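Subject: Handover of a structure and the findings from it

Dear colleague,

Please find below the structure that I am passing on to you, together with its sequence. My notes on it follow directly after.

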Amino acid sequence: MLRQFLSKLPRKSGKSDSPELTRSTSCTTAGSSPQPHRSNSLNLGSGRPCAPKRTSSAVFPASVVAGIEPLLPFKDVPNSEKMNLFVSKVSLCCVTFDFTDPTKNLIEKDVKRQTLLELLDFVSGSVRFSEPAILAMCRMCAVNLFRVFPPNYRSVVSNGGENDDEEPMFDPAWPHLQIVYDLLVKFITSSCLDAKVAKKYIDHSFILRLLDLFDSEDPRERDCLKTILHRVYGKFMVHRPFIRKAISNIFYRFVFDIERHNGIAELLEIFGSIISGFALPLKEEHKIFLWRVLIPLHKPKSLGVYFQQLSYCVSQFIEKEPKLCSTVIRGLLKYWPITNSQKELMFLGELEEILEAINMVEFQKVMVPLFWRIGCCINSFHFQVAERALFFWNNDQIVNLIAHNRHVILPIILPALEKNAQNHWNHAVLNLTINVRKMFMEMDDQLFISCHIHFKEEEAKVSILAEKRKEAWKQLENAASLKPIAGNTAVLVTPLATPIAY
């Protein structure tokens, strides 16, 4: 197996075949005994590194490659050979191991770990990376990091994400993966990395595979990925439109297809920083992203997992262009939850933040459907929803908007206030309702009296219509009871019918 692995590594010819790089060494690790000398020496050149079959080191056991010997330390080779040694060490780290069994390949795993730490130290230096080194580094990261998560690895969230309190599954290979991630971050952020050369290898395919990893169950891995994607977006300007489009596609699939993804919060956090860097005036593609991606993200039942990050993204858009307030409010009203009180509380909180930033013109565009919905919330039997809606009148900015448009808003909101004042079960909601009624009376006493009279008239009309319907049903029941029953004719059973005793 070792020979098969070594056969994939290109050999150097001529002067580059330095005995120092091909010399066999004894493998001595902390807490382990020296390995016996093996006849197979490591002959790793500066050419193309190995690329074994991509598997998950955390989930799927990789091919066991025993007897990997460590290479020379960087301090033991001349500067002219350090980049060749870097490529050799990176190639050595292309071998993956099964971390689900902590007792397997202990010496080899430790050798690889020490080699990765040595590479991390080297990358932090000031040596300019050659193109073969960049290629080797990208391939090593791909071999170690890029893997497909099988269905039993991801936690299948039932009932739309209501099991948010479950403990996340941690990858047993994380101590090893963390070093690879740290190495990739140092590599990308290094001032010695030429972005023009690196963009050929950190390409669209590499970025897509990186984005796939955001579905990892391990929150530590997602946090590292978030940092890496930030750095890639900042360093490779040519990839920025593609990264935005690729993240948008993940959001589309999440909202309109699977409604299950572990990394939505982290991806939104990345987009929050991207939005803050948008130039003004906003491009049309950015406004389309707001309407087609961010607004529909309010729809899934698992909104609570990423609501904070989503709300921040929306607020960034509004801060850059306040005219978008009415667009966002229309979107919230479109996806307003009817049977989920917890989501309704989130919507009300976000709505209050938007109303604090809205101008009068934009407010007047949406105030009729907006306060109709707020009226429904005031009448909610869930006391927290009703209470949260009534708290809007504690906000001076919102009260000012209402006062300037009271002739339109009061006729919409008064029926909800009167209904609460008459029969709401919660005393706190009842007291808040009375306080809001008092505020409207103090704003415009004449308008309040006029609206109250109109409300009473409408209430009387509704009562008369209800009585007429009741009387019509009575007449139908009487007519049906007088008609003789024949054949299979349906019989109208009245509420007054005597129940049959069994």
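In what follows, two residues are said to be in contact, or to meet, when heavy atoms of theirs lie within 4.5 Å. Please bear in mind that the model is a predicted one.

Overall composition

The secondary structure of the protein consists of 21 helices and zero strands. Of its 502 residues, 47% are buried. Among the contacts with a separation of 6 or more, 77% are between residues 24 or more positions apart.

Two helix pairs

Two packed helices are described by the angle between their axes and the distance between the axes. Two such pairs are set out here.

In the pair of α15 and α18, helix α15 covers residues 341–357 and helix α18 covers residues 396–404. Which residues of α15 meet α18? The crossing of α15 past α18 is left-handed.

The other pair is formed by helix α6, residues 174–189, and helix α9, residues 219–235. Their axes are 10 Å apart, and the helices pack at an angle of about 15°. Angles under 35 degrees count as roughly parallel, and α6 and α9 are therefore roughly parallel to each other. This crossing, too, is left-handed. On the α6 side, the residues involved are Trp174, Tyr181, Leu184, Val185, Ile188 and Thr189. On the α9 side, they are Arg220, Glu221, Cys224, Leu225, Thr227, Ile228, Arg231, Val232 and Lys235. By class, the contact of α6 with α9 has nine nonpolar, two polar and four charged residues.

Two residues within helices

Cys325 is located in helix α14, which covers residues 325–334. Is Cys325 buried or exposed? Its relative accessibility is 0%, and Cys325 therefore counts as buried. Apart from neighbours within four places in sequence, Cys325 is in contact with Ile318, Ile354, Ala357 and Ile358. The C-alpha atom of Cys325 is separated by 9.5 Å from that of Val366, a residue 41 residues apart from Cys325 along the chain.

Met439 belongs to helix α20, residues 427–443. With a relative accessible area of 26%, Met439 is partly exposed. When residues up to four places away in sequence are not counted, Met439 touches Trp393 and Val399. Met439 and Trp393 are 46 residues apart along the chain, and 8.6 Å separates their C-alpha atoms.

The loop between α3 and α4

Two residues in this loop deserve a note. The loop that holds Thr103 runs between α3 (79–92) and α4 (106–123). Thr103 has a relative accessibility of 61% and therefore counts as exposed. The side chain of Thr103 makes a polar contact, at 2.7 Å, with the side chain of Asp101.

Asn105 is also placed in the loop between α3 and α4. At 13% relative accessibility, Asn105 counts as buried, whereas Thr103 counts as exposed.

Backbone geometry

Most residues other than glycine have a negative phi, and most peptide bonds are trans. The following places depart from that pattern.

Asn105 is not a glycine, yet has a positive phi of about 55°. Glu259 likewise has a positive phi, near 55°, in a residue other than glycine. Glu259 lies in the loop between α10 (240–258) and α11. With a relative accessibility of 31%, Glu259 counts as partly exposed.

Where is a cis peptide bond found? Leu280 and Pro281 are joined by one, with omega at about -5°. Pro281 is in the loop between α11 (264–276) and α12 (284–294).

Yours sincerely

Methods: Residues numbered from 1 in each chain as written. Predicted model: local features only at pLDDT ≥ 70, side-chain atom pairs only at ≥ 80, totals over all residues. Heavy atoms only, no water. Axes fitted to C-alpha atoms, helices over the stretch in contact; angles between N-to-C directions. Helix = DSSP H or I, 4+ residues; strand = E, 2+ residues; numbered from the N terminus. Parallel < 35°, antiparallel > 145°, perpendicular 65-115°, else oblique. Left-handed = near helix turned anticlockwise from the far one by under 90°. Nonpolar A, V, L, I, M, F, W, Y, C, P; charged D, E, K, R; others polar. Buried < 20%, exposed > 50% of the residue type's maximum accessible area, 1.4 Å probe, protein only. Polar contact = N/O pair within 3.5 Å; in protein donor to acceptor, adjacent residues only side chain to side chain.
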